[in-house]
Structures are given as structure tokens and as C-alpha cells.
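Work through the exercises below with the model open beside you. Try each task before reading its solution.

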Amino acid sequence: MAESDSMDFQLEPLRRPGHAGHVKRCLVGLPSSQTDNDGARLALAFYCIGSLDLLGVINEKVPPDERDSWRSWIWEQQTRGRYGTGFRPSPFMTSGAILDQTQEYGQYDTPHLIMTYTALLSLAILRDDFSALDRQGLVKFLKACQTEDGSFTTVPKSGDTDLRTLYCAFAISSMLNDWSGIDVERALSFVASCRTYEGGYGGPTYIALAAIYLAPAGSKRLTPAERQKSVQWLVNNQASSGGFRGRTNKEADACYCFWCGAALKILGAEGLVDSLALAKFISECQFRYGGIGKAPGENPDPYHTYLSLAALSIYPPPLDQNSTAKTSWEFEKLDPLLNAREGTVKWLREHIAKPGSR
């Protein structure tokens, strides 16, 4: 997309207090419009806790005893069994035995790969020391989720695979600094098989590119021609509204401001994004009482709130130094590969890595 033609557009201050209030309310209880997501509470917790982290208010807005209770609740979802150790999506999967960490999971309450990724990030945001983490069991869990074609299932031995689960396996391996639980080259071959003629991938292109660039040194990256094709496809997905769309000819969606924007950052092409137009689009997606929706006029939710704030962490609008709104649009830098604030990633890498691996 060309540089914004709307340079005279005056951005109002980002409604930071309202967004913090929205995700805090969702941590206490979901609004009726979002109760269908109750079975994925660990993911919802991450979007809420992560939003507070990006806004820089988690210590200010959340008392220490409340943060302690969140940490305890997340650890209660860690579960061990025949396929190793990971985290359940929610307490709904058990009938009261979840507090008994010595009891092994059964056939229908195995850990979930995506939720394990979000649990580890949430604990890092909450500055847990990870002393309760079963690292060896986690490596075993990753191994149980990889299939013959290199992809990963969401739960051990299930038939449900896509690039999201592969990315989570790579992210967890990177966090641990231990890649012994997965066959990296076989997984990268699966990623390559998902590439389309346009330069994107089946599923959010960010997921594929982040996995490729998280892979340990010496792994195959994109060729210059492949990189250029992906950059071209991603840039063309910034719509005239300033937002990004996930597929050609679709409407812009606030979450893709991150999915596409972060992918361009990973490829070193962030200078091609019209950051002012992007901020204008996100501004229009804000709900008056807090939270950000997928598009202007849509109900807010923690998912779109978090990913919009994450996008702004990469692409703050270029406002004049004297603008009264400037400070409200400023964020600490985001690590685009793990999708977390750089300070949180630093804590994670210092505390979660396999002992003796650094």
C-alpha cells in the first residue's frame, strides 16, 4: 500500500484505560457474546493478561495477590500422563480432579499444544520462576504430537493438524532451547508444502514464517525469490481502509494488522507498511467503553484487542512530537517471533530454558 493519503487525519488518543478495563472484566467473567469461548480459557487468559502487559499496566492495575491467583490457576491446568506433560485448555475438561497434580490425565482430557504455548507466555508475563515446569515431560509431549508428515496435532494422537500447532511446537522448543522433541526438517518440509502460488501459506502466513525463522541455526530459510513473493503478497493485503485482510479480496480485520504486519517485520520489510493508516483503522475499531473489535462497529473481544495492541507495538503511528495523542500510541517493542513484549521474552528465556542449555 502506498504511503497514507490521509496525513491530515488527526488521531485521537488511544483509549488505553478502556482497553485495560475491558480485558480485566473478561478475566472475571465473559460477556454473553463471548461465552462460546469458555472452553478455551487459557487462550482467553493470555489475550487478557497479554493486553495488560502490552499496555504496561499489569503491575499497576492488578494487585500482587490477584497475580498470584492467576499463576496458581494456570499451573492447575498443567497435567501429566502417558504422552508427557502440557496444559489443558480449561478446567471444564475434568470432574474435580484437576487440583490433584499427581493424577494422570485420561483419554479425553489430554494436554493441548496451543494452550500450552499460551500458558507459558502468560506465566512469563506474570513473572513466574517456572520451578513447577516439567521440562522433560513437555519435550515428550511435543514428540507425541508430531505426525509422519511433519505436522503437529493439537492433542496427542488426534487427527487435527494445521500450521498453528506446528508454530506452537517450534515456539515451545525455542523457549526451552531444546529441539530434541521434534523433527525440525520434517516439520519445515510440511510448512513448505503449505505455501501457495501467491506467496502466502494455508492459514495465517505469519504462523509459517515465524516457525521458519524460529527454527535453529542452520535450518532452511526462504530463498530471496520466495521472500520477495511473500512480501509482495503481504503488502498487497493492506486495504484502502488501512487495515489488513487475511486473504485476497476479503474485508480488513483488525487481527490481521498483526498477522500480516508481524510477518512483514519478520521478513525485514516493515518499512512497506503504512503505519498511520493502520493506526487509523484500529482507532475506528475501538469500542467506546473499551476493547477492540474485528472491524468498525463490531463488538470488542480480548483476541482482537490483544492482536491490535500487538500490531501497534510494531507499527506505532508517526505522530508529531507535539501531538497530545502521541504518548497514548507508544508501546514497548514486541518480539514478532514469539508474539510477546521484548521484556517478557527476555524473562522467559532466562527462566524457562532447559537447565544447562544456555
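## Exercise 1: The nonpolar core

Task: Which residues of the largest nonpolar core touch the most other members?

Solution. Start with the core as a whole. The largest nonpolar core holds 115 residues, and F170, Y206 and F258 touch the most other members. Keep in mind that this is a predicted model.

Next, take F170 and list its contacts. Leave out residues up to four places away in sequence. F170 then touches W179, I182, V184, A187, L188, A211, L214 and A215.

Now set this against the general pattern. In soluble globular proteins, nonpolar side chains tend to be buried together.

## Exercise 2: The chain as a whole

Task: How many helices and strands does the protein chain have? What percentage of its residues is buried?

Solution. Count the elements. The chain has 14 helices and four strands.

Then turn to burial. A residue is buried when its relative accessible area is under 20%. Of the 358 residues in the chain, 56% are buried.

Last, look at sequence separation. Take the contacts between residues at least 6 apart in sequence. Of these, 69% join residues at least 24 apart.

## Exercise 3: A pair of strands

Task: In which sense do β1 and β2 pair, parallel or antiparallel?

Solution. Locate the strands. β1 covers residues 78-81 and β2 covers residues 84-87. Their pairing is antiparallel, over four bridges.

Check one bridge. Q78 has F87 in β2 as its bridge partner.

Then trace the connection. β1 is joined to β2 by a hairpin through two residues.

## Exercise 4: The largest pocket

Task: Which residues lie closest to the centre of the largest pocket?

Solution. Begin with the volume. The largest pocket contains about 480 Å³ of space. It is lined by 19 residues, and Y47, I114, R164, W259 and Y303 are the closest to its centre.

Assign the lining to elements. Two or more residues come from each of α2 (41-54), α5 (113-125), α7 (163-176), α9 (205-214) and α13 (302-314). The largest share, four residues, belongs to α5.

Finish with the classes. The lining has 16 nonpolar residues, two polar and one charged.

## Exercise 5: The second largest pocket

Task: Which element gives the most residues to the lining of the second largest pocket?

Solution. Again, volume leads. The second largest pocket has about 330 Å³ of space. Its lining has 22 residues, with W233, G246, R247, T248 and Y256 nearest the centre.

Go through the elements. At least two residues each come from α9, α10 (224-235) and α11 (254-266). α11 gives the most, with three residues.

Sort by class. Eight lining residues are nonpolar, seven are polar and seven are charged.

## Exercise 6: Positive phi angles

Task: Where is F130 found, and is F130 buried or exposed? Then treat N339 likewise.

Solution. Most residues other than glycine have a negative phi.

Take F130. This residue is not a glycine, yet its phi is positive, about 60°. F130 is found in the loop between α5 and α6 (135-145). The relative accessible area of F130 is 0%, so F130 is buried.

Now N339. Its phi is also a positive value, near 60°, in a residue other than glycine. N339 is found in the loop between β3 (334-335) and β4 (340-341). N339 counts as buried because its relative accessibility is 5%.

Note on methods:
Residues are numbered from 1 along each chain as its sequence is written. This is a predicted model: local features need pLDDT of at least 70, side-chain atom pairs count only at pLDDT 80 or more; totals for chains, interfaces and linings use all residues. Side-chain values use heavy atoms; hydrogens and water are left out. A nonpolar core is a set of buried Ala, Val, Leu, Ile, Met, Phe, Trp, Tyr and Cys residues joined through side-chain atoms within 4.5 Å. Buried means under 20% relative accessible area, exposed over 50%, partly exposed in between (1.4 Å probe, protein chains only). Contact means heavy atoms within 4.5 Å. Two strands pair if DSSP finds at least two bridges between them. On a 1 Å grid over the protein atoms alone, a cavity is a set of points where a 1.4 Å probe fits but cannot get out, and a pocket is an open set with protein on both sides within 12 Å along at least five of seven lines; lining residues have an atom within 4 Å of a point. Grid points are joined across faces, edges and corners, and a volume is the space filled by probe spheres set on the points. Ala, Val, Leu, Ile, Met, Phe, Trp, Tyr, Cys and Pro count as nonpolar, Asp, Glu, Lys and Arg as charged, and the others, Gly among them, as polar.
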